[in-house]
Amino acid sequence: IETFMKAQIKKTNNRWKGIVPKNEDPEFPLRNYLICSKCGRNLTASNSKGRNRTYGYYHCRKSCKSRIGKDAVHKYFETLLESITIKEEFHDLIHEILEKTIIKYEGDSKKEIARLKSQVRRTSEQLSRLDLQLREERIPLERYNRMATDIEKDLDTYKNTIQELSGKSTPKKESLDKTVWLLSNLSKVYNNSDYKGKRRLLATLFPEKIILEKEKCRTTNVNEVV
């Protein structure tokens with residue numbers, strides 16, 4: 001115990017006294033979300049002290065020397081956001097299309113549930129008739145087992161689909177309004193969000209990371225809904 005305590009004291013006294021890098025740095029919301037176009041690695045970010053001020057950069061690690069100023073990168077990213085933002089002249093049209101889609105989805109779901117319930121009744125009756133044939137020895141057991149297994153499998157499929165469709169909630173008008181507003185004001189929402197909010201928006205819009213090139217940000221895949 002005495003040796004262990006001495007070791008702990010020595011370990012504490014020898015700790016590095018420098019500044020520990022912060023995981024969440026509001027200055028660099030795109031850190032580790034950008035990919036270097038030259039080597040394919042994640043870009044980190046840091047500040048560099050100049051003669052009169054500090055300059056922020058997104059840069060690569062190790063041997064790759066890619067480095068682009070923070071302000072330029074953020075401008076490129078805003079251009080990318082603008083490219084997927086709903087333009088004002090299409091706002092009402094898209095809202096109308098989405099509303100019609102929801103109404104159609106609700107109607108189609110109800111029709112499909114009704115059809116499946118009817119199918120469940122017919123399949124259950126089919127299984128009952130098969131049971132009767134077995135009791136009256138009009139069908140061999142081996143054939144009964146094979147047919148009953150197939151029928152029960154279909155029955156389970158119909159019931160599971162009904163449960164799945166019944167459990168799906170249809171988007172409400174309020175949610176629709178918020179979503180259309182969000183997709184019409186991506187830059188505003190992004191710029192007014194805190195660090196965590198920006199990262200959440202990034203993850204939602206861009207399921208794959210963003211490639212940083214010399215004068216632009218680009219992505220290979222945008223959220224399918226967008």
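**Sheet, cysteines and helices**

Modeller: Happy to! Three strands make up an open sheet in the order E2-E3-E4, with antiparallel pairing. Strands here are DSSP runs of E with at least two residues, helices are runs of H or I with at least four residues, and both are numbered from the N terminus. Two strands pair if DSSP finds at least two bridges between them. Bear in mind that this is a predicted model: local features need pLDDT of at least 70, side-chain atom pairs count only at pLDDT 80 or more, and totals for chains, interfaces and linings use all residues. Residues are numbered from 1 along each chain as its sequence is written, and side-chain values use heavy atoms, leaving out hydrogens and water.

Colleague: Which strands stand at the edges?

Modeller: Those are E2 (44-49) and E4 (67-69); each has a single partner strand, so one side of each is left without a neighbour in the sheet.

Colleague: And how many bridges join E3 to E4?

Modeller: Three bridges link E3 (residues 54-59) to E4, and the two run antiparallel. Tyr57 sits opposite Gly69 in E4.

Colleague: What packs on the sheet?

Modeller: Helix H2 (residues 70-84) does, touching E3 and E4 (contact means heavy atoms within 4.5 Å). The direction of H2 makes about 80° with that of E4; axes are lines fitted to C-alpha atoms, for helices over the stretch in contact, and angles run from 0 to 180 degrees between N-to-C directions.

Colleague: Changing topic: how many disulfides turn up in the whole structure?

Modeller: Zero, counting a disulfide as a pair of cysteine sulfur atoms within 2.5 Å. For Cys39, the nearest cysteine sulfur is that of Cys60, 3.2 Å away.

Colleague: Is Cys217 buried or exposed?

Modeller: Cys217 is buried, at 6% relative accessible area, whereas Cys39 counts as partly exposed at 33%. Buried means under 20%, exposed over 50% and partly exposed in between, with a 1.4 Å probe and protein chains only.

Colleague: Now H7. Which residues are buried there?

Modeller: In H7 (residues 195-205), they are Tyr195, Lys198, Leu201, Leu202 and Leu205. Down the axis of H7 these fall within an arc of 130°, so they line one face of the helix; the arc is taken from the directions from the helix axis to the C-beta atoms. Lys196 and Arg200 are exposed on the other side of H7.

Colleague: Last one: where is Asn185?

Modeller: Asn185 lies in the loop between H5 (173-184) and H6 (186-192). Asn185 is buried at 17% relative accessibility.
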